[in-house]
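Subject: Structure handover

Hello,

Here is the structure I said I would pass on. Please open it alongside this email.

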Amino acid sequence: MNSISTSLPAARGAPRLSSTAAYLILFVTVLTCAYQLYRTRTHVRAPGFSSFREGHGVPVHEKEGGDFRCVHQWGRALSEGLDSFMRQGANYPPFMIVLYWPFSLVSENLAYFIFSIMLQGFLFFSIHWLVNECQPVRDSPRSGALAASVIFWALFNHTYPVVFSLERGNSDLVSLGIACAFLAALQNGRFFLATVFLTLATQIKIYPGLLVFLLLNRAGWRFALLFGILNIGALFTFGLAGLIGFLENVKPLMAPLASWEGNHSFQGYFMFLFPAWSDSYRETITKCLKYGTLAAFAGAWLVDSFRRGNLWTFSKSPSAPRTEFTLAEIALIGMACQVMCLVPGTSHDYKLVIQILPTMLLLSRAVEAVSSPGISASWLLAVLGIVNALIFAPYKLKMPLLMIAFLVYLALWTVARRGEVEHERSLEPLGSDGETC
């Protein structure tokens, strides 16, 4: 697969943006910002009316930014005292409430408008880093890489999960941006900083914590344990009573609270489509799918870690100033992102923005080197291109697509690992009889 850099300008070392690139960047940026202004600033106030309506399958609420407004109210309650806050039933991590508390100092509408601008910033940062993640793109002119980032940013701004996340004022885009910062720090061997970023992402949305497997693989158990300690400490932000209250409030989320077509978890999907089934029958099917998916992901990670000797390594030093993620690692990231969406009892479609991570990482990877006898990685990427496009399209009932994506990522990991093993064998020194030593 050709890298994304093949579509970028061929000239190198240009000191300034070309006029064409500047025109493209300004046109797309202004257009996208104009849409953002229209979405988040309601011009006509009437019962049940909001300016944040462009279709995309997003269900209508009376007020845009509903999720963020809940956090804003919890921040207001925290200003009145811990007892007042505890009565609110907040189901977000305590440290996240503290991080968002400054928003409570301004009005609810203004706070949501500021937050929506921040969400756009996190989205652009994520896409810009993902576009520039691969060496060929970093070696291309900055104007081409920036233009590609702006185009993808504008494109994702008109996808169902991103629009849904912006409309609700949800923090999934914040977690996506911090997860990208974690990956960037990890690549550059800044393991402590990577641990801090992953802790922040986990404290905001919980599910990014599954990426700890990358921290363990690249940095060793020392930083994985530090990650656990930091998260446990953050959960005690409001003391033991605050931790107990949070756990009680978050426990119901493991069950499908919302039986609707936009809950793409295993449980939510079967509850919506097959309400006539007995609870025990549905529970048996969802448990098989949950445990089977988790076992496949854990098995792939264990095989990968065992072969690389990561399971018994307490601490590692950076092997190079910068080490890119292999195709096998990207496949594991893709599997992890599917697990994040499918396994919890409640997973609304705005969580699908985390799929930007593996989708964009795959764009900058050549796969010819890992193709092996049997199925080709190029065909797997073709299937993923179709499936990922449908995941971002404005259609609901996403569970089958996510399950297909998980299986294809698993197959891609298998092919990539086989290709890596064959490549390692080809580098082994030959003996006197022409066989590898």
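**Confidence**

This is a predicted model. The mean pLDDT of the protein chain is 79. Of its residues, 74% reach 70 or more. Two stretches need care. Residues 1-15 stay under 50 in pLDDT. The model still gives residues 1-15 27 contacts beyond four places in sequence. Residues 42-54 are also below 50. That stretch has 30 contacts in the model beyond near neighbours in sequence. Where pLDDT is low, the predicted coordinates should not be read in detail.

**Salt bridges**

The structure holds 6 salt bridges. Three of them are described here.

Take Glu167 and Arg168. They form a salt bridge, with the closest N and O atoms 2.3 Å apart. Glu167 is buried, at 0% relative accessible area. Arg168 is buried too, at 6%.

Next, Lys205 and Asp172. Their side chains meet in a salt bridge at 3.8 Å, N to O. Lys205 sits in helix α10 (residues 191-205), and Asp172 sits in helix α9 (residues 172-187). The pair therefore ties together parts that are 33 residues apart in sequence. Asp172 is buried at 1%.

Then Glu283 and Lys287. The closest N and O atoms of this salt bridge are 3.3 Å apart. Both residues belong to helix α15 (residues 279-308). They are 4 residues apart there, so about one helical turn separates them. Glu283 is partly exposed, at 41% relative accessibility. Lys287 is partly exposed as well, at 38%.

**Helix α7**

Helix α7 covers residues 142-156, 15 residues in all. From first C-alpha to last, α7 reaches 21 Å. That is close to the 21 Å expected at 1.5 Å a residue. The helix is mostly covered, with 11 of its 15 residues buried. Among the buried residues are Phe152, Trp153 and Phe156. Several alanines are on that list as well, including Ala145, Ala147, Ala148 and Ala154. Ser143, Gly144, Ser149 and Val150 are buried too.

**Cavities**

There are 2 cavities of 30 Å³ or more in the structure. The largest cavity holds about 80 Å³ of space. Its lining includes the aromatic residues Phe85, Tyr92, Phe238 and Phe246. Met86, Pro94, Ala90 and Asn249 also line the largest cavity. So do the glycines Gly89, Gly242 and Gly245. Two elements, α3 (82-86) and α13 (239-250), each give two or more residues to this lining.

Ile206 is partly exposed, at 41% relative accessibility.

Arg190 counts as exposed, at 52% relative accessibility. The cut-off for exposed is over 50%. The C-alpha atoms of Arg190 and Ala219 are 9.2 Å apart. Along the chain, 29 residues separate Arg190 from Ala219.

Best wishes

Definitions and conventions:
Residues are numbered from 1 along each chain as its sequence is written. Side-chain values use heavy atoms; hydrogens and water are left out. A salt bridge is a side-chain nitrogen of Lys or Arg within 4 Å of a carboxyl oxygen of Asp or Glu. Buried means under 20% relative accessible area, exposed over 50%, partly exposed in between (1.4 Å probe, protein chains only). The expected span of a helix is 1.5 Å times one less than its number of residues. pLDDT is the predictor's confidence in each residue, from 0 to 100. Contact means heavy atoms within 4.5 Å. On a 1 Å grid over the protein atoms alone, a cavity is a set of points where a 1.4 Å probe fits but cannot get out, and a pocket is an open set with protein on both sides within 12 Å along at least five of seven lines; lining residues have an atom within 4 Å of a point. Grid points are joined across faces, edges and corners, and a volume is the space filled by probe spheres set on the points.
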